[in-house]
Amino acid sequence: MGKLIEEFRRGWQGTAPPSLGLSIAFAAACLLVATLTRWALAHVRPDVYFTPYFPAVFFATAFGGFRIGVVTALVGGMLGVVVNFGDAFADRARFALLALYWAVCALTIWGVEHYRTMLAEQRRISKRLIEEEDYRKLLVDELQHRLKNKLSTAHAVLHQVLHDEPLVWARVDPRLRSLAATDDLISRIDKAGCDIRDLLISELGPYGHVRFTLNGDRLFLPPKLAVTLSLMFHELATNAGKYGAFSSPRGLLQVSWTVSDDDRLTVTWDETEGPSVDKVSDPGFGTKLLRSALSAFDGKTEISYMKTGLHCIMQCRIPQSE
């Protein structure tokens, strides 16, 4: 009995086609209920011949498919003509109603079958997207694992090379450890999110804690927004190390953030005392990333190259749930 109920459930939901026997039995039950309903209605309106069979055709088609629906419509029409619950017999008017009944049934069967086809296609696409998402997560986890191994290898090699240079190693070692901590944080926030201050400290820590100032209250970022901002902060910090404030001995960075009443986040990235920007090159991948990354959160990024250094304003809406 449990197996029969499970087969009925899967057939009704369209996840698996039911057996032919179960489909026929379900259609017969629908016809029986429709005929009993017609008998009950005959006490009030004896001229109701086909109306109760419309639901039977609909449910039989939705459960058993196109062929079962056609058979149900044909049998329902025959019952409407042959079976009488009054003194009236089949005449031209009833056969005209029969033709109209079959026409409506044809539209009903087509509509239900079209819906079943669309539902099956959506289910197939959803399954494929889930499989691709699982593959993406597996690939990202593998890349993170390899990156961690490479960083550990670089750490070990540099430790051996700088074994006789303790002062140099004392400056390199914390930066490498901070980079490793940043990679670990990014792998965690992809699932749980994190605080914006922790994210910034992790990204900027390798450049020295005295080189940057953070202004803002504690703010938890949902996973997707946290990952997006981590990519943007990493790009900005890398550029600051190559060309901006962190490339100069006196360069400083100030990062501030505020949240408005309508949950809009504004992050301001201000670099000072860095090398002056005389010429701005054509936008590369990093610049395109900064300008477009927040569009998914109804946001935008404004980048200005000033004499005092890079000035960047990032604005977006904080999603309530993910």
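Student: What percentage of the 322 residues in the protein chain is buried?

Tutor: This is a predicted model, in which local features need pLDDT of at least 70 and side-chain atom pairs count only at pLDDT 80 or more, while totals for chains, interfaces and linings use all residues. Residues are numbered from 1 along each chain as its sequence is written, and side-chain values use heavy atoms, with hydrogens and water left out. Buried means under 20% relative accessible area, exposed over 50%, and partly exposed in between, with a 1.4 Å probe and protein chains only. Of the 322 residues in the protein chain, the buried share is 34%.

Student: How many helices and strands does the protein chain have?

Tutor: Both elements are DSSP runs numbered from the N terminus: helices are H or I with at least four residues, strands E with at least two. On that basis the secondary structure of the protein chain comes to nine helices and seven strands.

Student: Among contacts between residues at least 6 apart in sequence, what percentage joins residues at least 24 apart?

Tutor: A contact requires heavy atoms within 4.5 Å. Among contacts in the protein chain between residues at least 6 apart in sequence, the share that joins residues at least 24 apart is 65%.

Student: How many aromatic pairs does a search of the whole structure find, and which class describes the pair of phenylalanine 54 and tyrosine 101?

Tutor: Rings of Phe, Tyr and Trp (its six-membered ring) pair if their centres lie within 6.5 Å; planes under 30 degrees apart count as stacked, over 60 as edge-to-face and the rest as tilted. The whole-structure search finds seven aromatic pairs. For phenylalanine 54 and tyrosine 101 the ring centres are 5.1 Å apart and the planes stand at 50 degrees, so this pair is tilted.

Student: How many residues apart in sequence are the parts that this pair ties together?

Tutor: Phenylalanine 54 lies in helix 3 (residues 53-64), whereas tyrosine 101 belongs to helix 5 (residues 92-161). Phenylalanine 54 is partly exposed at a relative accessible area of 25%, while tyrosine 101 is buried at 1%. The parts tied together by the pair are therefore separated in sequence by 47 residues.

Student: What is the angle between the planes of phenylalanine 58 and phenylalanine 59?

Tutor: Phenylalanine 58 is partly exposed, with a relative accessible area of 36%, and phenylalanine 59 is partly exposed with 35%. Their rings form an edge-to-face pair, 5.3 Å centre to centre, and the angle between the planes is 80 degrees.

Student: Why is helix 7 described as largely enclosed by the rest of the structure?

Tutor: The buried residues in helix 7 are Ile196, Arg197, Leu199, Leu200, Ser202, Glu203 and Leu204. Helix 7 (residues 196-204) is largely enclosed because the buried count among its nine residues is seven.

Student: With which residue's side chain does the side chain of histidine 311 make a polar contact?

Tutor: Histidine 311 sits in strand 7 (residues 309-317) and counts as buried at 19% relative accessibility. A polar contact is a pair of N or O atoms within 3.5 Å; within protein, one must be able to donate a hydrogen and the other to accept it, and residues adjacent in sequence count only if both atoms are side-chain atoms. At 2.4 Å, the side-chain partner of histidine 311 is aspartate 270.
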